[in-house]
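Student: Could you walk me through this structure? I'm new to it, so please take it slowly.
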Amino acid sequence: MTYEGIREEHSAVRRHAGMFDVSHMGEVEVEGPGALAFLQRVLSNDVAKIEIGGAQYSCLCSEEGGVLDDLFTYRLGGDRYLIVTNSANHDADLAWLGRWSRSFDVSVRDVADRYAMLAVQGPHARAILIGALGIALPPRMRVATARIGNRPALVCGTGYTGEDGVELLIDPEIASAIWAELLDAGVVPCGLGARDTLRLEVCFHLHGNDLTPERNPIEAGLGWCCAEATGFVGAETVARARREGTAEKLAPFKIEGAGIPREGNPVLAGGEQVGIVTSGTFSPSLELGIGMAYLRTDLAEPGNEVEIDVRGKHRPARIASRPLYQRKG
Amino acid sequence: MTLSDAHYPDDLLYHDQHDWARLDGDEHAVFGITWYAQDSLGEVVFYDAPEVGATISKDSSYAEVESVKAVSDVIAPMSGKIVEVNDSLEDTPEKINEDPYGEGWLVKVRLTQPEERGALLDAGEYRKLLENS
């Protein structure tokens, strides 16, 4: 899980450049004349807005409007798209996409074995990559083809850390050689522990914790990536939730003083339980306990004071606005 | 930060839940966690200390140490009453990693059942336990 220590890795990404082997992420290729219509049906965002070479974040919703997965879609060509799935959901996503694709002129292919994925993130990540690999990099939220290790590759201007950087989708056979090359170039190898502290500081959701099939995108704060007018699967629930509001909302918080919140800790107000922590950790940048919790909507406003029941100790906490950590510069 | 290599001083007694006790006469002892415990946990960022005066029992949890990603109960190697806690760990919990048998000590205890020492392991036995686990 860790190469050096989470704090050192975390700080390397915030100040310099770090890399993560995220090859566990899954990839699905969607291609054919019906690709756009199909993706509009299954993805929450307005897929028509993705230009060729563009990227977009979306939810994959159930018919009840629950979040089955959250994923990035890259448009590789006119009617060719690549979707990156969360590993734990990959097989289920694939089955779901396969099922919905039947009424469209489109092919859905599992291409997870074709790619290794390296996320290279941090303020110096781009400069180091350009120097080490001699490739041009796409701007943020764009994708470009490249040759890396003399093999075709995809370079995506995306990440999960709140820092600038890219994600490389490369041939698994050359992945360890590229890793070694970047290591020589001064990129710090980081584990998934640091990936979690980095993403939580900038309030990126983790599916399975902050997003589940029992929660809709509106209560998760992901209304911005839902375009109900496209009529995607689950859009009715999302539209109703947006119109009528939800009983609970996901909100980030900071512990005031000692204590580190963890997933599953109850959130208290006036002595009664008003919510539950879905992600919690120690923030290496802020040096205090941080987290995200679903709690009663009327209490989920920034500045509001609550308590987190951390194994029986009631730790004062304050609801904060996103992100919890703001990138310098 | 560079963490020191594995070491288990010969002048300490060890509990199989990876805690140590340094006896001071028959009535007093200092407790802490072993090199193995801090290494397994990773960088400690928070020490949740017991209150001075609290009664603690052998084999039961008396404190918590937390790293970035995990929390661990600290098990009392012997029974007694807390007479002092290491307050300096509030600001520098990383001392538990850097110097687990020195500046990273956790509590000082007045022992209520000093004979419990007989159930603890010496350094050689503890090392053997780690090798076989």
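Tutor: One term first: two residues are in contact if their C-beta atoms, placed from the backbone, lie within 7 Å. This is a predicted model, in which local features need pLDDT of at least 70 and side-chain atom pairs count only at pLDDT 80 or more, while totals for chains, interfaces and linings use all residues. Residues are numbered from 1 along each chain as its sequence is written, and chains are lettered from A and ligands numbered from 1 in the order in which they are written.

Student: OK, which domains is chain A divided into?
Tutor: Chain A has domain 1 (6–23 + 115–201), domain 2 (26–113) and domain 3 (247–329), with bounds that come from an automatic or database domain assignment.

Student: And how many residues of domain 1 are in contact with domain 3 of chain A?
Tutor: In chain A, 11 residues of domain 1 are in contact with 10 residues of domain 3. On the domain 1 side, α1 (6–15) and α6 of chain A each supply at least two residues, and the largest share, 5 residues, comes from α1(A).

Student: How many of the residues on that side of domain 1 are charged?
Tutor: The side of domain 1 of chain A that touches domain 3 has 5 charged residues (Asp, Glu, Lys and Arg), along with 4 polar and 2 nonpolar ones. Here nonpolar covers Ala, Val, Leu, Ile, Met, Phe, Trp, Tyr, Cys and Pro, and the others, Gly among them, are polar.

Student: Switching topic, how many helices and strands are there in chain A?
Tutor: Chain A has 7 helices and 17 strands, where helices (H or I, at least four residues) and strands (E, at least two) are DSSP runs, numbered from the N terminus.

Student: Which strands close into a barrel?
Tutor: In chain A, 6 strands do so in the order β12-β15-β14-β13-β16-β17, with antiparallel pairing; strands pair if DSSP finds at least two bridges between them.

Student: What about β16 and β17?
Tutor: Strand β16 (residues 305–310) and strand β17 (residues 313–319) of chain A are antiparallel partners over 6 bridges, and Glu307(A) stands opposite Pro316(A) in β17(A).

Student: Last one, why does the radius of gyration of chain A agree with a compact globule?
Tutor: Chain A has 20 Å, which agrees because a compact globule with 329 residues would have a radius of gyration near 20 Å. That radius is taken over C-alpha atoms, and the globule rule is 2.2 Å times the number of residues to the power 0.38. Along its principal axes, the C-alpha trace of chain A spans about 60 × 50 × 30 Å.
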